[in-house]
Amino acid sequence: MNERLPYLREKTSKLTVSPGVYRMRDKSGGIIYIGKAKNLRNRVTSYFRENPDHTPKVAKMVSHVYDYDFIVTDSEYEALVLECSMIKQHMPKYNILLKDDKGYSFIKISHEEFPRITAEMQKKGDGTFLGPYTSTFVTRQTVEEANKVFSLPSCKRVFPRDFGKYRPCLNFHIKQCMGVCRGKIDAEEYRNIVRQAEDYIKNGSEASVETLTEQMNIAAENLDFELAARLRDRISAIKRAADDQKIIHEDMKDTDIVAMAQNGENSCAAVLMYRGGRLFDRVEYDLGAPDSEENMLEDFVVQYYSDPTKIPREIIVEEELPNAEMVERLLREKCGRAVDLSSKKRGKGRELIMMAKANAEDSLAIKVGRSGKEIAALEALGKLLGLPEPPYYIEAYDISNLGSSSMVAGMVVFENGRPLKKAYKRFSIKETAIQNDYASMREVLERRFRHYQDDSETDEGFSRMPDLILLDGGKGQVNAVEPILREMGITVPLFGMVKDNNHRTRAIATSGAEISISGTKSAFMLVTRIQDEVHRFSITYQRKKHGKQSYEMGITSIKGIGEKKALKLFTAFKTRDALKKASAEEIAKAVGINIELAEQVREYVQNEI
C-alpha cells in the first residue's frame, strides 16, 4: 500500500475541476504516468480513493506515486494534444510505449528458365526483388496467393532437370498448379505467366483483370481460342481470389484496421494496413499490462498516429472510442486532410477487424505460450457472462457420490484456457451425513475459501483468488453457494454449468436464469471442456475412495481384525501393492497381531487384490 495516499487525497480534494493534463511522479521525481482529463479533480481522485477498483496495471502505478503535478488547459481537446506531446517527450513507464523492431522481407522472382516466385528475408541469389516489405506475414501471403491464382509451382523440383521424373503432386490434381513437372509447358509461355503474376503483385487484381481481359480479346480476334480460354480461366481465378480472401479490397485504397487482444498479464494491438486496395503491411505492438480495453485502444491510436506520415484516410477500430470525435479531429489537424475514424459492426469491415484481432491474439499467444483460440475463448466467455475482464484463472467444482457413501468433490483449475493440474484439489464430504448435493457444495466452497482466508496458507491451489467459479449444476447449486460466499466476503463471479438430458453442456446458470452458450462456439467448447474435466476428476476420486472403503470393509470381515487394526494396516503400508508384497511377519509387527492371524490377512490380500 502507498503510504503517501492520505497526502495525495488531501491534495486532490483542492484540485481544479477544469480540463487538463496530470503527471504522476515517483519518489525520485521522475514522471511515471501522464494522463488527460475533462475534470482534473474527478479523474485524479479516482486513483486515490479508499476502495479502488483498479486494474492490476493501474494499481501498480498508484503504489509508486509519490506526488503529481498538473497543467490546466482551456478544453479537453487541448488536453489531448498536450498529453500526446508530453508522452512522446517523457516516455513514462506506465503509458503505452510503442517500439518497432521489425526486419524486412522481399519477394524474389528468380532468374532461370522456369522462374519461381518466393518470399525471402534477404536479397540473396540471382533474381528480381520486389520490396522491401516490413511485414513477413504479408510477404508470404502475397507470394502464396500469386502462386495459387496463376497456378505456379511451389515445390522443390528443379526444371527442366526434373521433367517427367516424378508424378504430378496433389496441387496439380486440385488445379492449384499447372503441372510444369510433366514437361508439357513451353518455357516462354511459362515466363509470360510469371510476368502476369508479377504485375498482379505490383498493381493488384483490378489492373491485372483489365490487362488480361485486353489480351483475351486480342487472342479471340486472332482466332487463338485456346489462349483466350486460358486467359479467361486466369481472370476467373483472380476474381475468385478477390472474393474469397482478405488480401485485396479495391475499395480500401488507404485504410488501417486496428484491433486488440488481452490476457491476464499482457496486451497486444495489431494494425492491418491497406494501400492501393491490397494488404500492404501488418504490425503488432506489445502494450504491456492490460487496462480498460476502450481506453487502451484510444491511447494506442493517439500514439501510433503521432507521426502524420502514418495517418491513412480511413481508420477502422475494433470498438467505438470514448472520445472518437476528438481523436478524429486531432488526426485531421496533424495530417492536414480528412480522416474517417469509425467502428464497423457488420460486413467486410467487421471481417477485417476480426482478422486484425486474430493477428493480435496469435502474437500474444506466442508470448504467453497459449494459442490464439484459447485467448479468444476466454475473451468470448468473459463477454458472454458480462465480466469486466476475461477470466484467466477459473475454478470448477463437481460433487460425486454413491448414495450416502463415498461422497466427494473435485476442484479443477484452468489458467489461460488450459488445465493447471498442480492446483487441482479433492474433498471428502465430512459435514453432510446423507446425500445432499447442495449442502455438499456449500461445505466444499466454504472449506476452500477458509483456506484462502488463512494467513498461514501457502498452498498455491488455495492461496489464489479465482477470476470465475463454475459449479457443475444449475441455478439450484448457485443459489445454495451464493449466501456462503457473501457471508465470507468473497465476490468472485459464480455460475453453474447446465447439462442436457444427454449429459452435454447446454447453458450457463445464474441465480435466477440461464445464459445460452451454444451460439458462441469458442466459449461453448471451453465450458464443455471444463465441465468434462471436473466430472472426470471428481468421479475418479469417488471410485477410488469407494474401492478403498469396500476393500477396508473386506479386511474387517476377518475374525480378530476390527476397524482400528485395519486402520493400522493401511497406515503402515499405505498402498495395496505395498500390502500385497508384505510378509506375514511384517503384517504381524505392523498391526500387533499373532502370526496365525497375520497369515489369514496375507491370504485375503493375495486373493482379493
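Biologist: Which strands form the open sheet, and in what order?

Modeller: Strands of a sheet pair through backbone hydrogen bonds, either parallel or antiparallel. In this predicted model, local features need pLDDT of at least 70, side-chain atom pairs count only at pLDDT 80 or more, and totals for chains, interfaces and linings use all residues. Residues are numbered from 1 along each chain as its sequence is written, and side-chain values use heavy atoms, with hydrogens and water left out. The open sheet here has three strands in the order β2-β1-β3, with antiparallel pairing. Its edge strands, each pairing on one side only, are β2 (31-37) and β3 (67-72). From one strand to the next, the twist averages 20°. Axes are lines fitted to C-alpha atoms, for helices over the stretch in contact, and angles run from 0 to 180 degrees between N-to-C directions.

Biologist: What packs on the sheet?

Modeller: Helix α4 does, touching β1, β2 and β3, and its direction makes about 165° with that of β2. Contact means heavy atoms within 4.5 Å. Helices (H or I, at least four residues) and strands (E, at least two) are DSSP runs, numbered from the N terminus.

Biologist: How many bridges join β1 to each of its partners?

Modeller: Two strands pair if DSSP finds at least two bridges between them. Strand β1 (residues 20-25) pairs with β2 over six bridges, and six bridges also join β1 to β3. On the β2 side, Met 24 stands opposite Tyr 33, and Tyr 22 stands opposite Gly 35. On the β3 side, Gly 20 has Val 72 as its bridge partner. The hairpin of β1 and β2 has five residues between the strands, and in it Gly 29 takes a positive phi near 95°.

Biologist: Is β1 mostly covered or uncovered?

Modeller: Strand β1 is mostly covered, five of its six residues being buried. Buried means under 20% relative accessible area, exposed over 50%, and partly exposed in between (1.4 Å probe, protein chains only).

Biologist: Why is strand β18 described as largely enclosed by the rest of the structure?

Modeller: Strand β18 (residues 505-509) is so described because four of its five residues are buried. It is joined by four bridges to strand β17 (residues 494-499), and the two run antiparallel. Between them, Gly 496 has Ala 509 in β18 as its bridge partner. Strand β18 also pairs with strand β19 (residues 514-516) in the antiparallel sense, over three bridges. There, Ile 508 is partnered by Ile 515 in β19, and a hairpin of four residues joins β18 to β19.

Biologist: Which residues other than glycine have a positive phi, and where are they found?

Modeller: Met 91 has a positive phi of about 50° and is found in the loop between α4 (76-90) and β4 (105-110). Met 91 is partly exposed, with a relative accessible area of 42%. Another case is Leu 223, whose phi is near 65°. Leu 223 lies in the loop between α8 (205-221) and α9 (225-244) and is exposed, with a relative accessible area of 61%.

Biologist: Where is the cis peptide bond?

Modeller: A cis peptide bond joins Phe 159 and Pro 160, with omega at about 5°. Pro 160 is in the loop between α5 (136-149) and α6 (170-173).
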